[in-house]
Amino acid sequence: MSKKKYKLSEIANYLGGEIFGDPSRIINNLSSLKEAQEGCLSFVYNKKFLKELNKSSASAILISSDLKEKCKKDCIVVDDPHFAYARLTKLFAEEVRETFLEDSSKDFSTSKDIQISKNVFIGQNVKIGKGVIISPGCFIGNNVQIGEESYLYPNVTIYSSTILGKKNIIHANSVLGSDGLGFAKKNDSWEKIEHLGKLLLSDDVEVGAACTIDRGSLGKTVLNSYVKLDNQVHIAHNCEIGKNTIIGAKTAIAGSTKIGEDCLIGGGCGIVDNITIENNVRINPMTYVTQSIKKSGIFSGGSIVLEHSKWLKHITIQKKQFDD
Amino acid sequence: MSKKKYKLSEIANYLGGEIFGDPSRIINNLSSLKEAQEGCLSFVYNKKFLKELNKSSASAILISSDLKEKCKKDCIVVDDPHFAYARLTKLFAEEVRETFLEDSSKDFSTSKDIQISKNVFIGQNVKIGKGVIISPGCFIGNNVQIGEESYLYPNVTIYSSTILGKKNIIHANSVLGSDGLGFAKKNDSWEKIEHLGKLLLSDDVEVGAACTIDRGSLGKTVLNSYVKLDNQVHIAHNCEIGKNTIIGAKTAIAGSTKIGEDCLIGGGCGIVDNITIENNVRINPMTYVTQSIKKSGIFSGGSIVLEHSKWLKHITIQKKQFDD
Amino acid sequence: MSKKKYKLSEIANYLGGEIFGDPSRIINNLSSLKEAQEGCLSFVYNKKFLKELNKSSASAILISSDLKEKCKKDCIVVDDPHFAYARLTKLFAEEVRETFLEDSSKDFSTSKDIQISKNVFIGQNVKIGKGVIISPGCFIGNNVQIGEESYLYPNVTIYSSTILGKKNIIHANSVLGSDGLGFAKKNDSWEKIEHLGKLLLSDDVEVGAACTIDRGSLGKTVLNSYVKLDNQVHIAHNCEIGKNTIIGAKTAIAGSTKIGEDCLIGGGCGIVDNITIENNVRINPMTYVTQSIKKSGIFSGGSIVLEHSKWLKHITIQKKQFDD
């Protein structure tokens with residue numbers, strides 16, 4: 001995804017790390033251990049990663065000195081691989097926060113097949129399919145692709161390199177492809193992890209008003225075909241939402257979680273990161289999902305509404321139980 | 001609301017359904033059984049609808065063959081009335097997803113009584129009252145009406161045919177009149193239900209920043225006078241919010257729910273669809289309301305905060321109780 | 001913060017209240033008792049305020065007749081001090097809801113150090129530091145200050161008088177400096193409390209997409225340096241968020257709450273108004289925090305997810321316990 005290339009020695013230099021292996025090895029991307037291919041640099045933050053380490057196709061590894069001996073690949077030893085990774089995202093970002101001074105919306109205005117309204121900004125190297133309609137106030141970043149017959153309501157923001165399939169409908173004021181929440185501890189403050197990944201929406205996806213869908217940190221966030229989101233849904237970096245799944249208003253899904261096909265997820269739910277929800281799962285509104293759901297079925301979790309005086313009693317009893 | 005008219009025979013043809021009754025009967029609108037008037041086509045999805053069926057003023061009914069004998073009106077028998085209704089919404093939509101190429105904001109710029117900022121887009125056939133101020137980046141769809149002395153903060157999106165009363169204040173980046181979440185099952189995917197209804201805001205309504213309020217599917221969504229919404233509130237299709245009611249930040253109200261007058265609804269609540277909340281009800285924050293509240297009073301429901309180790313114990317006990 | 005000045009007698013006249021003290025005393029601002037300085041008018045709604053009353057540096061007080069005898073300062077006696085205060089906010093507002101007809105974005109376009117994209121609106125008396133990039137569709141209100149090297153993604157709205165430090169990153173469609181929810185009861189309706197306060201973001205703050213952060217009612221809302229917000233976070237008027245604190249997606253913090261430094265607050269939380277959270281507190285997602293947290297540590301509170309049939313049983317048992 002990046003066009004940048006560095007020798008392992010250049011990277012070690014930038015990070016102030018020590019190389020074990022071939023300093024002239026070419027690194028052209030950052031990646032998780034799982035998704036790494038030839039040319040990728042990956043990272044091991046803690047012991048949990050070791051299981052995947054030697055199965056990975058990564059060409060080199062960022063690792064701490066205490067875990068170094070477990071690594072049979074070329075590696076760079078640094079004090080804090082998470083912080084080093086955060087710093088490296090700056091090196092591999094095509095451009096960290098772009099300038100949008102040149103509008104190419106006029107280039108599309110001659111096409112009879114595409115309708116671009118007033119007050120639209122279109123970046124460089126954008127591909128727009130036949131029959132696409134872009135309403136006023138939309139922003140389309142560099143390298144975005146929008147499939148045939150997609151419709152963007154007003155004031156939608158699409159970050160660079162996001163890819164939309166055919167017949168997508170994106171409601172007003174939604175944001176597609178924003179950075180996920182990612183920071184590495186840096187002494188007494190935070191180092192931002194640049195988000196180098198992408199967001200892919202398949203065909204016939206509908207996104208409600210004022211939704212936010214983050215791009216991948218590395219790799220990608222994916223909404224498969226016929227996914228339908230109500231308003232104010234939030235989907236974090238690297239999630240995958242299965243075909244036909246509908247998600248109710250105000251539900252949030254944290255990073256790297258995978259939701260199956262044909263699920264119905266009620267409004268106001270919170271689903272934690274790094275879990276998997278099976279196909280054909282129905283989750284009622286206001287449910288907090290803290291672990292994977294491994295079989296289809298109906299799940300609930302919201303708390304009960306009571307007259308306030310009864311609720312106080314309920315809460316007081318609960319508290320007493322735990323004040324021992 | 002639609003200017004379109006069809007013979008019952010044309011509709012049956014489009015749907016591939018069988019007519020019982022007068023094929024030349026004119027249908028000029030879709031409607032729920034309850035709100036139907038002369039000329040309306042309505043629908044019966046399942047037995048629950050039968051109670052309202054023969055009280056309805058609908059001119060004709062979409063119905064499945066097993067319920068057909070209960071219907072004394074003209075009807076079209078189809079395999080799946082919900083799917084058929086979804087398809088019909090396309091026939092009755094004035095325009096399914098409009099093109100916004102012609103801006104009429106200049107037409108208002110000669111008026112001394114109205115102030116339209118830069119980067120505003122105004123559609124066709126819009127009515128704007130004296131003293132209205134529209135800030136930069138706002139979008140006003142076709143056939144919108146904005147009452148006297150209303151103020152729109154920047155980047156607000158108002159979908160077509162939305163009606164705002166006098167002295168409304170709409171904070172930045174809010175979306176008024178968007179489609180509700182509505183899809184009918186279509187083999188292995190979803191058929192979108194076009195939203196033909198409207199959104200009406202009465203006088204002296206204030207809408208916080210980044211709120212979303214959906215239009216009616218059919219019929220309308222209504223916010224009565226002096227309703228005040230905090231930021232990031234979501235109100236779904238066909239809700240009605242009573243006079244003077246205040247709703248805290250991030251609360252979501254699902255479709256067709258009716259909230260009374262003089263209610264105070266805390267932030268972060270989730271209120272399910274198709275229920276009724278009485279006048280003078282106060283609901284504390286983070287409450288999940290699953291059924292109608294039929295008397296005034298104070299209600300609560302949020303769960304308790306505990307030190308994490310105690311919470312784990314609490315959760316573990318609860319889980320055990322249900323693993324039998 | 002206001003440039004307006006009135007004699008105490010003018011204010012009493014406007015409110016129809018009775019003066020006790022010097023009618024020629026000059027009042028140049030409204031303030032809470034705690035933050036009041038020479039020249040400020042403050043208010044006492046109920047007995048709770050009395051503790052702070054005579055410690056306050058306010059020059060005069062709005063007070064009801066029953067509490068009048070407790071007040072040793074100059075005062076104006078009115079029937080309803082809260083309603084009177086709401087009315088006074090109109091008197092002290094520089095301008096109640098401004099007109100944005102004159103764009104000064106061109107004034108910045110000659111600078112090589114600042115990059116202002118197309119479709120940006122910049123109000124009057126705005127200060128923008130070197131290296132700032134403002135993306136398409138952003139709105140910058142009057143008297144806003146944006147520190148060096150800050151980056152605004154598209155369609156961000158910044159209300160008047162908001163101050164951003166250096167190296168801030170504001171993601172798309174966020175709203176900074178909006179009014180808080182504030183209304184005083186006025187017979188059978190509501191009187192709006194104008195928000196005269198400000199919003200201050202310190203250096204290196206990052207705000208996710210579609211967030212809303214309100215200005216102070218009086219005084220200010222503050223995000224200290226290295227605060228990082230995920231998407232769709234809501235922060236109400238007069239909150240203060242401590243240095244380095246990270247807040248997950250969709251969390252809402254109600255008015256005047258103070259969060260410490262180095263906190264990690266999960267997504268989907270609701271934190272009530274007027275409480276204090278200690279430094280180094282970690283709150284897990286979906287927690288409802290109803291009282292101050294006075295020691296560092298990890299806290300949780302979300303409810304448990306169950307198969308729906310078990311949940312129903314759980315809920316039924318809970319309900320029975322309280323139906324006595």
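This report walks through a predicted model, from one chain to its partners.

Let us begin with chain A on its own. Its C-alpha trace spans about 75 × 65 × 35 Å along the principal axes. Chain A has 324 residues, and 57% of them count as buried. Among the contacts in chain A with a separation of 6 or more, 24% are between residues 24 or more positions apart.

## Two domains in one chain

Chain A is divided into two parts: domain 1 covers residues 6–92, and domain 2 covers residues 105–299. Taken over C-alpha atoms, the centres of domain 1 and domain 2 of chain A are 30 Å apart. Where the two domains of chain A touch, domain 1 provides twelve residues and domain 2 provides ten residues.

Which helix gives the most to the side of domain 1 of chain A that touches domain 2 of chain A? That is helix α3 of chain A, residues 81–92, with eight residues. By class, this side of domain 1 of chain A is made of five nonpolar, four polar and three charged residues.

## Strands side by side

Now for the sheets. Strands of a sheet pair through backbone hydrogen bonds, and the pairing can be parallel or antiparallel.

In chain A you can find an open sheet of eight strands with parallel pairing, in the order β10-β13-β16-β21-β24-β27-β30-β33. Its edge strands are β10 (127–128) and β33 (276–277) of chain A, and each of these pairs on one side only. Inside the order, β21 (residues 198–201) and β24 (residues 220–223) of chain A run parallel and are joined by four bridges. One residue pair to look up here is L201(A), whose bridge partner in β24(A) is L223(A).

Strand β6 of chain B, residues 60–63, takes part in two pairings. On one hand, strand β5 (residues 40–43) of chain B runs parallel to β6(B), with three bridges between them; here S42(B) has I61(B) as its bridge partner. On the other hand, β6(B) runs parallel to strand β7 (residues 74–77) of chain B, with four bridges, and A60(B) has D74(B) as its bridge partner.

Are the residues of β6(B) buried or exposed? A60(B) and L62(B) on one side, and I61(B) and I63(B) on the other, are all buried, which leaves both faces of the strand covered.

The table gathers pairings within chains and between them.

| Strands | Direction | Bridges |
|---|---|---|
| β21(A) and β24(A) | parallel | four |
| β5(B) and β6(B) | parallel | three |
| β6(B) and β7(B) | parallel | four |
| β37(A) and β36(B) | antiparallel | two |
| β36(A) and β37(C) | antiparallel | two |

## Where chains meet

Some of those pairings cross from one chain to another, so let us visit the interfaces.

Start with chain B and chain A: 45 residues of chain B are in contact with 46 residues of chain A. On the chain B side, the elements giving two or more residues are β18 (175–178), β20 (189–192), β35 (288–289), β36 (297–300) and α5 (308–322). The largest share, four residues, comes from β36(B). This side of chain B has 19 nonpolar, 21 polar and five charged residues. Strand β36(B) also pairs across the boundary: two bridges join it to β37 (residues 306–307) of chain A, and the two strands run antiparallel. Within that pairing, F299(B) is the bridge partner of E307(A).

Next come chain A and chain C. Here 45 residues of chain A are in contact with 46 residues of chain C. The largest share of this side of chain A comes from β36(A), with four residues. By class, the side of chain A that touches chain C has 19 nonpolar, 21 polar and five charged residues. Across this boundary, β36(A) pairs with β37 (residues 306–307) of chain C in the antiparallel sense, and F299(A) has E307(C) as its bridge partner.

## How the copies are related

Definitions and conventions. Residues are numbered from 1 along each chain as its sequence is written. Chains are lettered from A and ligands numbered from 1 in the order in which they are written. This is a predicted model: local features need pLDDT of at least 70, side-chain atom pairs count only at pLDDT 80 or more; totals for chains, interfaces and linings use all residues. Two residues are in contact if their C-beta atoms, placed from the backbone, lie within 7 Å. Ala, Val, Leu, Ile, Met, Phe, Trp, Tyr, Cys and Pro count as nonpolar, Asp, Glu, Lys and Arg as charged, and the others, Gly among them, as polar. Two strands pair if DSSP finds at least two bridges between them. Domain bounds come from an automatic or database domain assignment. A residue is buried if 20 or more other C-beta atoms lie within 10 Å of its own, exposed if 12 or fewer, and partly exposed in between; C-beta atoms are placed from the backbone.
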